[in-house]
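I opened my notebook to get to know a new structure. Come along and look things up with me.

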Amino acid sequence: MVNIYKQIVKKIKEYDEIVIARHIGPDPDAIGSEIALRDLIKHNFPNKKVYAVGAGVSRFKYLGVLDKVDESKLTHALLIIVDVPTFERVDSAYLPRYDYSIKIDHHPCDHKVCDLELVDTKSSSVCQLITELIYKTKLKITDEIASKLYLGIVADSDRFLLSYTTPKTLELSAKLLNDYNIDLMTLYNNLYERGLDERRFEAYIINNITVTENGFGYIKIENDIIKKFGVDSSTASNMVNDFNFIKEIKVWAFSSYDEKNEQFKINIRSRGIVVNEVASKFNGGGHKFASGARLKTESEVDDLFNALDELCKIEKQKEE
Ligand code: AMP
């Protein structure tokens with residue numbers, strides 16, 4: 001069997017210009033994995049030019065600084081996309097500019113998009129996949145790189161809580177903790193510290209979420225509410241995971257309006273009902289229990305919410 005890990009390292013060795021990109025609207029696993037991968041390539045191959053690209057997010061600036069690259073000046077470059085299944089959602093990289101492409105991801109995708117792919121939908125995170133790549137090859141890392149990888153695993157598995165947490169997730173995390181000096185106090189402060197404004201906004205959501213008799217919880221967050229609480233427009237999206245384990249809610253979804261791109265951003269989470277198939281019918285997709293969508297009109301948002309409620313209804317009927 002071809003060793004995918006060795007093949008990835010071989011390709012990295014072949015190219016002197018390497019660009020690493022991830023999805024738009026990134027989370028700590030997306031930014032953590034692209035920066036960790038950039039830094040580890042630079043650490044092992046100091047003469048290579050390696051760039052981690054995409055729009056910066058102030059809330060994740062503790063993960064490191066991102067790069068800008070003029071793709072028209074690249075001559076013989078390798079593109080590595082992480083944490084994104086297809087090119088529609090890649091931030092700041094244009095595939096035809098590259099001589100070779102690699103995907104490292106854990107999202108489901110029914111077709112091949114890059115020349116070489118390390119895709120494992122059973123992996124908790126891309127940071128877990130990169131940790132695996134390191135331990136299966138001779139790549140060296142520093143304490144700082146290990147900390148970023150550990151942080152991405154913790155964030156995407158929701159502190160080893162979600163069902164994507166496997167023995168491998170725990171083994172690789174334990175190895176990182178054992179082999180490197182990871183400052184957990186700083187790491188968890190960076191990841192979980194919130195201002196009072198955000199906590200109050202969270203309380204607003206709890207007080208205003210609509211829950212159907214089928215166990216579907218939803219809320220449309222208006223921009224004047226976001227302004228009233230003085231929070232960031234991405235705050236709702238970032239806190240959607242915190243609404244897990246509410247007894248009356250099996251599937252929940254937030255809608256917020258992205259003024260810049262003139263579209264509704266939908267975050268969907270579930271405690272056991274598969275939601276990504278419905279999301280993919282509404283210009284979205286994602287994991288079985290954590291999906292998202294981008295919609296142009298409010299009536300499409302209503303249609304998606306109705307479809308999710310219908311899913312809950314079907315499941316409820318099965319249980320009765
Ligand atoms: P989020 O709620 O933004 O954290 O997204 C949850 C999951 O759904 C992530 O794995 C995203 O990659 C995926 N996702 C979010 N929005 C979309 C979209 N418009 N199309 C496809 N997948 C998406």
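**Entry 1: what I am looking at.** I am working with a predicted model, so I keep that in mind throughout.

**Entry 2: strand β3.** I began with β3, residues 77-82, and asked how many of its residues are buried. I found that 6 of its 6 residues are. I then checked the two faces. A77, L79 and I81 lie on one side and L78, I80 and V82 on the other, and all of them are buried.

Next I looked up the partners of β3. Strand β1 (residues 17-21) pairs with β3 in the parallel sense, over 5 bridges, and I20 has I80 as its bridge partner. Strand β4 (residues 100-105) also runs parallel to β3, joined to it by 5 bridges. Here I noted L79 standing opposite S101. A reminder to myself: strands of a sheet pair through backbone hydrogen bonds, either parallel or antiparallel.

**Entry 3: the cores.** Which residues have the most contacts inside the largest nonpolar core? They are I80 and I104, in a core of 49 residues. Helix α4 (residues 143-156) supplies the largest share of this core, 8 residues. In general, nonpolar side chains tend to be buried together in soluble globular proteins.

**Entry 4: the open sheet.** I traced an open sheet of 6 strands in the order β6-β7-β8-β9-β11-β10, with mixed pairing. Its edge strands are β6 (210-211) and β10 (284-286), each pairing on one side only.

Inside this order I followed β9. Strands β8 and β9 run antiparallel and are joined by 8 bridges, with V251 opposite S270. The two form a hairpin with 4 residues between them, and E262 in the turn has a positive phi of about 50°. With β11 (residues 290-295), strand β9 (residues 263-270) pairs in the antiparallel sense over 6 bridges. I wrote down two bridge pairs here: I268 with S291, and F264 with L295. Why is β9 largely enclosed by the rest of the structure? Because 7 of its 8 residues are buried.

**Entry 5: helices across the sheet.** Helix α7 (residues 196-208) lies across β6, β7 and β8, and runs at about 125° to β7. Helix α11 (residues 298-319) lies across β7, β8, β9 and β11, at about 165° to β7.

**Entry 6: the ligand.** Which residues come nearest to the ligand? Of the 14 around it, I noted R89, H107, N267, R269 and G292. I then looked up backbone atoms facing the ligand. A polar backbone atom of G292 is 3.2 Å from a ligand oxygen, and one of G285 is 3.3 Å from a ligand oxygen. A ligand nitrogen lies 3.4 Å from a backbone N or O atom of N283.

Entry 7: Beyond four places in sequence, G292 is in contact with I266, A279, G284 and G285.

Conventions. Residues are numbered from 1 along each chain as its sequence is written. This is a predicted model: local features need pLDDT of at least 70, side-chain atom pairs count only at pLDDT 80 or more; totals for chains, interfaces and linings use all residues. Side-chain values use heavy atoms; hydrogens and water are left out. Two strands pair if DSSP finds at least two bridges between them. Contact means heavy atoms within 4.5 Å. Axes are lines fitted to C-alpha atoms, for helices over the stretch in contact, and angles run from 0 to 180 degrees between N-to-C directions. A nonpolar core is a set of buried Ala, Val, Leu, Ile, Met, Phe, Trp, Tyr and Cys residues joined through side-chain atoms within 4.5 Å. Buried means under 20% relative accessible area, exposed over 50%, partly exposed in between (1.4 Å probe, protein chains only). A residue is near a molecule or strand if one of its heavy atoms lies within 4 Å of it. A polar contact is a pair of N or O atoms within 3.5 Å; within protein, one must be able to donate a hydrogen and the other to accept it, and residues adjacent in sequence count only if both atoms are side-chain atoms.
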